[in-house]
Amino acid sequence: MLPATFKLCAGISYRHMRNMTGLRRNAMVAIHHELNRLAGPGPCNWISQIRRRSSLLSSRIEEERYSEQEMSYVKQGEDALQKAISILGEQDGWTVETVAKNGDKVLSKVLPDVGKVFKLEVMLEQPSDNLYEELVGNMEQMGEWNPTVKQVKILQKIGQDTMITHEVAAETPGNVVGPRDFVSVRCTKRRGSTCFLAGMSTQHPQMPAQRGIVRAENGPTCIVMKPCAEDPNKTKFTWLLSIDLKGWIPKTIINKMLSQTQVDFANHLRQRMANNVSMELAHAC
């Protein structure tokens with residue numbers, strides 16, 4: 001099999017065959033198969049190096065399939081992720097907004113080019129993979145367990161890491177803040193054991209502004225899920241929130257509402273995950 005694989009790879013080295021995307025993809029699949037076979041059960045540094053390089057090449061091949069508009073969305077999502085990571089990496093200048101009895105904390109900071117951002121820091125007694133599956137894999141079900149969200153709909157998926165979504169927020173009690181919706185580009189990434197879900201506002205032809213609903217803006221936003229070093233079944237959960245609700249709403253009301261929304265979100269997510277565990281146990285019986 002190995003000689004045949006290298007013949008296939010040699011074939012795509014010719015200029016007239018290099019543009020045959022299907023052939024190049026088949027070559028990458030064959031390479032991955034052979035590397036996995038050669039690697040065996042133990043670690044192998046040189047195979048790891050080759051696998052990383054072939055993965056990069058595979059990503060570039062996938063990018064060639066995207067249209068100019070799709071690549072624009074991919075770049076927007078990656079930019080949102082990088083900007084969010086940069087903000088979260090700054091340890092100074094954060095002000096405590098609220099601390100719940102269970103230790104959940106919301107901090108805030110004013111940035112010159114962004115405005116006021118909020119950061120939720122909590123510890124969740126769930127593995128990060130389970131949380132990632134709920135927030136990314138089951139994203140459109142969020143309205144079932146989060147009362148602040150009416151609906152989340154995926155408008156378009158681009159590869160494995162990028163999607164365009166439409167979210168409709170529920171009105172606040174007393175209709176202090178009326179109906180709002182968002183169109184966002186989202187970028188999902190895994191770096192080692194850490195999971196990221198970043199996003200920012202964008203435009204999409206399938207979802208122009210809706211009559212009777214204020215089109216709000218967000219971003220950069222980012223949820224970071226990192227396994228606890230002491231217990232991998234627990235996750236350090238961080239949520240960076242930057243949002244412009246538009247309209248004539250006093251900042252004091254907005255600030256209080258957003259920080260409380262983050263605390264409530266953590267509690268709703270805990271309850272959702274606990275319900276999932278209960279359902280799994282019930283099915284197992």
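This report describes side-chain contacts and nonpolar cores in one protein structure.

The model is predicted; local features are given only where pLDDT is at least 70, side-chain atom pairs count only at pLDDT 80 or more, and totals for chains, interfaces and linings use all residues. Residues are numbered from 1 along each chain as its sequence is written, and side-chain values use heavy atoms, with hydrogens and water left out.

## Nonpolar cores

A nonpolar core is a set of buried Ala, Val, Leu, Ile, Met, Phe, Trp, Tyr and Cys residues joined through side-chain atoms within 4.5 Å. Here, buried means under 20% relative accessible area, exposed means over 50%, and partly exposed lies in between, as computed with a 1.4 Å probe on protein chains only. The largest nonpolar core has 37 residues, and those with the most contacts inside it are Leu135, Met225, Phe237, Phe265 and Leu269. The elements that give two or more residues to this core are β3 (115-124), α6, β4, β5, β7 (194-201), β10 (221-227), β11 (235-241) and α7. Such helices (H or I, at least four residues) and strands (E, at least two) are DSSP runs, numbered from the N terminus. With eight residues, α7 gives the most to this core.

Contact means heavy atoms within 4.5 Å. Apart from neighbours within four places in sequence, methionine 225 is in contact with residues including Leu131, Tyr132, Leu135, Cys195 and Phe237. A second, separate core of 14 residues includes Leu81, Ala84, Trp94 and Phe196.

## Aromatic rings

Rings of Phe, Tyr and Trp (its six-membered ring) pair if their centres lie within 6.5 Å; planes under 30 degrees apart count as stacked, over 60 as edge-to-face and the rest as tilted. The count by this rule is three aromatic pairs. In one of them, the rings of tryptophan 145 and phenylalanine 265 have centres 5.7 Å apart and planes at 45°, so the pair is tilted. Tryptophan 145 lies in the loop between α6 (128-137) and β4 (149-158), whereas phenylalanine 265 lies in helix α7, 120 residues apart. Both tryptophan 145 and phenylalanine 265 are buried. Together, Trp145, Phe237, Trp239 and Phe265 form one aromatic cluster.

Charged side chains also meet rings. A charge sits over a ring if NZ of Lys or CZ of Arg is within 6 Å of the ring centre and within 35 degrees of the ring normal. The charged end of lysine 119 sits over the ring of tryptophan 94, 4.2 Å from its centre. Likewise, the charged end of arginine 190 sits over the ring of tyrosine 132, at 4.1 Å from its centre.

## Salt bridges

A salt bridge is a side-chain nitrogen of Lys or Arg within 4 Å of a carboxyl oxygen of Asp or Glu. By this rule, the count comes to 14 salt bridges. The table gives three of these pairs.

| Pair | Closest N and O atoms |
|---|---|
| Arginine 270 and aspartate 104 | 2.8 Å |
| Glutamate 167 and arginine 186 | 3.5 Å |

Arginine 270 is partly exposed, with a relative accessible area of 27%, whereas aspartate 104 is buried at 2%.

Glutamate 167 lies in strand β5 (residues 162-169) and arginine 186 in strand β6 (residues 180-191), so the pair ties together parts that are 19 residues apart in sequence. Both glutamate 167 and arginine 186 are buried.

Aspartate 181, in strand β6, and arginine 215, in strand β8 (residues 214-215), are 34 residues apart. Aspartate 181 is buried at 0% relative accessibility, and arginine 215 is partly exposed at 22%. Elsewhere, Glu134, Glu144 and Arg272 are linked in a network of salt bridges.

## Polar contacts

A polar contact is a pair of N or O atoms within 3.5 Å; within protein, one must be able to donate a hydrogen and the other to accept it, and residues adjacent in sequence count only if both atoms are side-chain atoms. Serine 108 lies in strand β2 and is buried, with a relative accessible area of 4%. A polar contact of 2.6 Å joins its side chain to that of glutamate 97.

Glutamine 76 is placed in helix α5 (residues 68-89), and its side chain makes a polar contact of 2.8 Å with that of threonine 202. Glutamine 76 and glycine 199 are 123 residues apart in sequence and 8.3 Å apart in space, C-alpha to C-alpha.
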